[in-house]
Amino acid sequence: MAPPLLQVLLDGLFTGAAYALMAAGMALILGVVKVINLSHGAFFTLGAYVAYALAERGIGSPIAAAPLAGVIAFAFGVFLGKSFVNPVRSHPFALPVGTLACALLFEQAAQRIWGPHPLSIGAGAPWIGPGGLVLRQWGVIAFLSSAALLGGLKWVLSARPGLPLRLIAEDEEIACSLGMDVEAIRYLTFGGACAMAAAAGALLAPSGAVTPTMGRAPLLLSLVVVIVAGMDSVAAIFLLSIGLGILGNACAWFLSPQWSYVALLVAVCLLLSARPAGIVVLAGRRD
């Protein structure tokens, strides 16, 4: 049997990688659309319920659930971005309230459809690695999928296809003057970020209970990850999410699951107190 500490580190690595996917989506919304999306956690929950619905039909693999959840969330995200976020984004106080209302509406709808009780998905038989280390199937899939998607996102943002996103994030007026359809890029980005949150929910669904309110804690976690790591570095978001995933998993293992999010929030508060501008600040930029 593997040492408990090594097992905790591995499970935290798996969980943190999926959280990084959700946090990177939040960073895209904050950076390009420039709004705070409080419905991001609802898309995480939507992904988990898509995974549950597929598992009920005998398709229990997150490999199948994550793409389907992403497509559904992208469609909802584009609709929300085009019909609500873009028209209201000039009113900074109305948008967080509106997206929070959307999240609460989704929770009520999920409770109506699937009920208020926790649901579970079969995680599949784990693989036994060197030294008796338990490799959970969902964890391996979540880590590899998240790393691949975030690697692709990092490449897109640094290459020519990501130029419109970088330009809109820096100066929307210049982007408009160059003939870019800024409104369309905004709602497509919003939809893509929602798809990332849903994929994270589908990947993590086998790791715990699926409930209508399960997206609240990941929403808060993704917000603080973006605040601390900044919106400019996918690598920093990934590494910080991994670190927080390991910390939360260690607290859940050695103390109790109820202490995991408390420990994460305390850690983030300490980080923000030490580095109010975040741990990654571009040269020449203060915020």
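Guide: I113 is exposed, because its relative accessible area is 59% and the cut-off for exposed is over 50%. Keep in mind that this is a predicted model. I113 belongs to helix α4.

Now move to W114. The structure holds two aromatic pairs, and one of them joins Y49 to W114. Their ring centres are 4.2 Å apart and their planes make an angle of 10 degrees, so the pair counts as stacked. The threshold that matters here is planes under 30 degrees apart. Y49 sits in helix α2 (residues 40-56) and W114 in helix α4 (residues 94-114), so the pair ties together parts 65 residues apart in sequence. Y49 has 0% relative accessibility and therefore counts as buried.

Y49 leads on to T211. Setting aside neighbours within four places in sequence, T211 contacts T45, Y49 and P118. T211 is in the loop between α8 and α9 (216-229). Is T211 buried or exposed? Its relative accessibility is 17%, so T211 is buried.

S39 has 1% relative accessibility, so S39 counts as buried. K34 has a relative accessible area of 38% and is therefore partly exposed. K34 also has a backbone feature to check: its phi is positive, about 60 degrees, although K34 is not a glycine. Which residues does S39 touch, apart from neighbours within four places in sequence? S39 is in contact with L80, T99, C102 and A103. S39 and L157 are another matter. They are 118 residues apart in sequence and 24 Å apart in space, C-alpha to C-alpha.

L157 takes us to the packing of α5. L157 is one of the α5 residues that meet α1. Helix α1 (residues 4-33) packs against α5 at about 30 degrees, and the axes are 8 Å apart. That angle makes α1 roughly parallel to α5, because the class covers angles under 35 degrees. The crossing of α1 past α5 is left-handed. On the α1 side, the residues include L13, F14, A17, L21 and L28. On the α5 side, they include W138, F143, L149, L150 and L153. By class, the contact has 16 nonpolar, three polar and no charged residues.

With 23% relative accessibility, F143 counts as partly exposed. Now the other ring pair. F143 and F238 form a tilted aromatic pair, 6.3 Å centre to centre, with 50 degrees between the planes. F143 lies in helix α5 (residues 137-158) and F238 in helix α10 (residues 234-254), so this pair ties together parts 95 residues apart in sequence.

α5 also packs on α8. The two axes come within 9 Å and cross at roughly 160 degrees. That makes α5 roughly antiparallel to α8. This crossing, too, is left-handed. From α5, the residues W138, I141, A142, S145, S146, L150 and L153 meet M196, L203 and L204 of α8. By class, eight are nonpolar, two polar and none charged. W138 is listed for α5 in the contact with α1 and also in the contact with α8.

Helix α6 (residues 163-170) and helix α8 (residues 182-204) pack at about 105 degrees, with axes 11 Å apart. That makes α6 roughly perpendicular to α8. P164, L165 and I168 of α6 meet V182, I185 and T189 of α8. This contact has five nonpolar, one polar and no charged residues.

Definitions and conventions. Residues numbered from 1 in each chain as written. Predicted model: local features only at pLDDT ≥ 70, side-chain atom pairs only at ≥ 80, totals over all residues. Heavy atoms only, no water. Axes fitted to C-alpha atoms, helices over the stretch in contact; angles between N-to-C directions. Helix = DSSP H or I, 4+ residues; strand = E, 2+ residues; numbered from the N terminus. Parallel < 35°, antiparallel > 145°, perpendicular 65-115°, else oblique. Contact = heavy atoms within 4.5 Å. Nonpolar A, V, L, I, M, F, W, Y, C, P; charged D, E, K, R; others polar. Phe/Tyr/Trp six-rings, centres within 6.5 Å; stacked < 30°, edge-to-face > 60°. Buried < 20%, exposed > 50% of the residue type's maximum accessible area, 1.4 Å probe, protein only. Left-handed = near helix turned anticlockwise from the far one by under 90°.
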